[in-house]
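Please look over the sequence and the structure shown below before reading on. The report then takes up charged side chains and some backbone angles.

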Amino acid sequence: MNPIELVTTIIQSIVNYPENVLVERTVDNLGVLLTVKANKEDIGLIVGREGQNIKAIRWIAKICGKKHKENVNIKVSDPLR
C-alpha cells in the first residue's frame, strides 16, 4: 500500500463523511506533500485533541513513505464547501 492509499483509508475510517475525503499528492524538492481536504465538520476529527490524530497519521505516513523511498508530509487544507 502506498502512502496516499494508507492516509486516505485511515482518514476515511475516522470521519463522519468518508465520501468527501480527498487526498491530493504533490511532489517538490522537499519530498511528497499529501494535502487532505474533507467536510468542514470532519476537520476536528482529523486533527484531534491538541493535534494528536494528525500527528499519529503523519508518523504512520512517514514510515510508509520510507518504505517507498519518499519523504512524506501531510497538510490539512481548508475544508470542502
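## Salt bridges

Glu24 is partly exposed, because its relative accessible area of 34% falls between the limits for buried (under 20%) and exposed (over 50%), computed with a 1.4 Å probe on protein chains only. Its side chain meets that of Lys37 in a salt bridge at 3.9 Å, N to O, where a salt bridge is a side-chain nitrogen of Lys or Arg within 4 Å of a carboxyl oxygen of Asp or Glu. This pair links distant parts of the chain, with Glu24 in strand 1 (residues 22–28) and Lys37 in strand 2 (residues 31–37), 13 residues apart. Lys37 is partly exposed as well, at 23%.

The structure holds two salt bridges, and Glu70 and Arg25 also meet in one, at 2.6 Å, N to O. Glu70 lies in the loop between helix 3 and strand 3 and Arg25 in strand 1, so the pair ties together parts that are 45 residues apart in sequence.

## Positive phi angles

Most residues other than glycine have a negative phi. Glu50, although not a glycine, has a positive phi of about 55°, and this residue is found in the loop between helix 2 (43–47) and helix 3 (52–67). Lys69 likewise has a positive phi, of about 60°.

Helices (H or I, at least four residues) and strands (E, at least two) are DSSP runs, numbered from the N terminus.

## Basis of the model

This is a predicted model, in which local features need pLDDT of at least 70 and side-chain atom pairs count only at pLDDT 80 or more, while totals for chains, interfaces and linings use all residues. Residues are numbered from 1 along each chain as its sequence is written, and side-chain values use heavy atoms, with hydrogens and water left out.
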